Structure formats: C-alpha cells, structure tokens
Amino acid sequence: MDWAFVHKAWDKWASTNIGYSGHPLKAALLINHDPTGPSRLLSTIAAQEGIKANPMELSHFMDFIKQNKLQTELFVIGSNQYLVTSIHENWFSARCINTSKPAGEGVIVIQTAAYILVALYEGSIGPASRAMAAADQLTWQLGRKNL
C-alpha cells in the first residue's frame, strides 16, 4: 500500500473539493477496506475532512455495505439517516431523509480496490453532479495505482 501517495492525493483533492462555500462537497471519508480480506480485518478511516466519524458508526456502515443491505435498510452517518436511491457496479448514492436543509443532502459512496470513499454534499441534482465529479477525481487517482 502506497500510503505516501494516498495521503498526498487526499490532501490535494480535499483542499480543492471539501468545504462549504463554493466547494462541491461538505465532507468526505476515505475508508481503508479490503473486500477480499478476512472478516476479522477491520476497516479503518484513512482520512476524513469536514466530519468526525467514530469507529462504532463506521462499523455499522461497513456492515451495511458488506451485508448488501443497500435496497432494504437505511444507514447512518453522523446524525443523518440515508436512503439509497441509485446503485451501480462500484458505487451508490443516497439521500438524507432527516435533513433540515431546504435543498436536502446526499452522499455518494464509491468503492475502489482498497478504499471506500464517502462523499457528502448539500443540495439536489446540480450539487449531486458536482459531488460525483469531485469524488470521481480522487477514485480515478487511486485507481491509477490500483488502490
């Protein structure tokens, strides 16, 4: 695992894509995850920006993904509950069902060979498109190194 590359790519990407004013994402998590590894191998937070995720919350979220409950259950990140709205080969998107934001909130979750990127955004269709483009930038960089 090329940690130096991952952290350099994350730092550069996060500085231009995560924030409130004028940035496509309000927060993001990069989770170290090996889907082919033994079940005792725990996923860990490799990087986070704009959010402070706790290990217990992460454990429940990873169980949600590993047990493939995307179409049957809600998942929680922070104080928000999300309902999956779109499922694709290596990513899915969800909308927050308990937000107080008028335009809503959403999340895009993308799995690479070694990581899961959780990209959170505020807004509807336009912001979701910008969030997907931003998330795709980082996953493309990781994919170049087969990470």
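User: How many bridges join strand E3 to strand E4, and which way do the two run?

Analyst: Three bridges join E3 (residues 75-77) to E4 (residues 80-87), and the strands run antiparallel. Keep in mind that this is a predicted model.

User: OK. What stands opposite Ile 77 in E4?

Analyst: That's Asn 80.

User: And which residue in the hairpin of E3 and E4 takes a positive phi?

Analyst: Gly 78, with a phi near 65°. The hairpin has two residues between the strands.

User: What does E4 do with E5?

Analyst: E4 pairs with E5 (residues 91-96) in the antiparallel sense, over five bridges. The two form a hairpin with three residues between them. One of the bridge pairs is Tyr 82 with Cys 96 in E5.

User: Let me zoom out. How many helices and strands does the protein have?

Analyst: Three helices and seven strands. Along the sequence the pattern reads α-β-β-α-β-β-β-β-β-α.

User: How does the radius of gyration of the protein sit against that of a compact globule?

Analyst: The two agree: a compact globule with 147 residues would have a radius of gyration near 15 Å, and the protein has 14 Å. The C-alpha trace spans about 40 × 35 × 25 Å along its principal axes.

User: What share of the residues is buried?

Analyst: 44% of the 147 residues. As for contacts with a separation of 6 or more, 45% of them come from residues 24 or more positions apart.

User: Now E7. Why call it largely enclosed by the rest of the structure?

Analyst: Because seven of the eight residues of E7 (residues 115-122) are buried, with buried meaning under 20% relative accessible area.

User: Which strands pair with E7?

Analyst: E1 (residues 27-32) is joined to E7 by six bridges, running antiparallel. E6 (residues 105-111) also pairs with E7 in the antiparallel sense, over seven bridges.

User: What are some of the bridge partners there?

Analyst: Leu 30 stands opposite Leu 117 in E7.

User: How many residues are in the hairpin that joins E6 to E7?

Analyst: Three residues.

User: Switching to helices. Which residues of H2 are buried?

Analyst: Glu 57, Leu 58, Phe 61, Met 62, Phe 64 and Ile 65. Seen down the helix axis, the buried residues of H2 fall within an arc of 150°, so they line one face.

User: What does the face of H2 turned away from the buried side carry?

Analyst: The exposed residues Pro 55, Met 56 and His 60.

User: What caps the N-terminal end of H2?

Analyst: Asn 54 does, with a side-chain oxygen 3.1 Å from the backbone nitrogen of Met 56.

User: And what follows H2?

Analyst: Asn 68 follows H2, and it lies in the loop between H2 and E3. Its phi is positive, about 50°, although Asn 68 is not a glycine. Most residues other than glycine have a negative phi.

User: Is Asn 68 buried or exposed?

Analyst: Exposed, because its relative accessibility is 59% and the cut-off is over 50%.

User: What about Asn 17, buried or exposed?

Analyst: Asn 17 counts as buried, at 6% relative accessibility. This residue is in H1 (residues 3-17).

User: What does Asn 17 contact?

Analyst: Leaving aside neighbours within four places in sequence, Asn 17 is in contact with His 23, Pro 24, Leu 25, Ala 134 and Gln 137. With Gln 137 there is a side-chain polar contact of 3.4 Å.

User: Last one: where is Met 132, and what does it touch?

Analyst: Met 132 is in H3 (residues 125-144). Not counting residues up to four places away in sequence, Met 132 touches Trp 91, Ile 108 and Ile 110. The C-alpha atoms of Met 132 and Val 107 are separated by 9.2 Å, with the two residues 25 apart along the chain.

Note on methods. Residues are numbered from 1 along each chain as its sequence is written. This is a predicted model: local features need pLDDT of at least 70, side-chain atom pairs count only at pLDDT 80 or more; totals for chains, interfaces and linings use all residues. Side-chain values use heavy atoms; hydrogens and water are left out. Buried means under 20% relative accessible area, exposed over 50%, partly exposed in between (1.4 Å probe, protein chains only). Helices (H or I, at least four residues) and strands (E, at least two) are DSSP runs, numbered from the N terminus. The arc is that of the directions from the helix axis to the C-beta atoms. A polar contact is a pair of N or O atoms within 3.5 Å; within protein, one must be able to donate a hydrogen and the other to accept it, and residues adjacent in sequence count only if both atoms are side-chain atoms. Two strands pair if DSSP finds at least two bridges between them. The radius of gyration is taken over C-alpha atoms; the globule rule is 2.2 Å times the number of residues to the power 0.38. Contact means heavy atoms within 4.5 Å.
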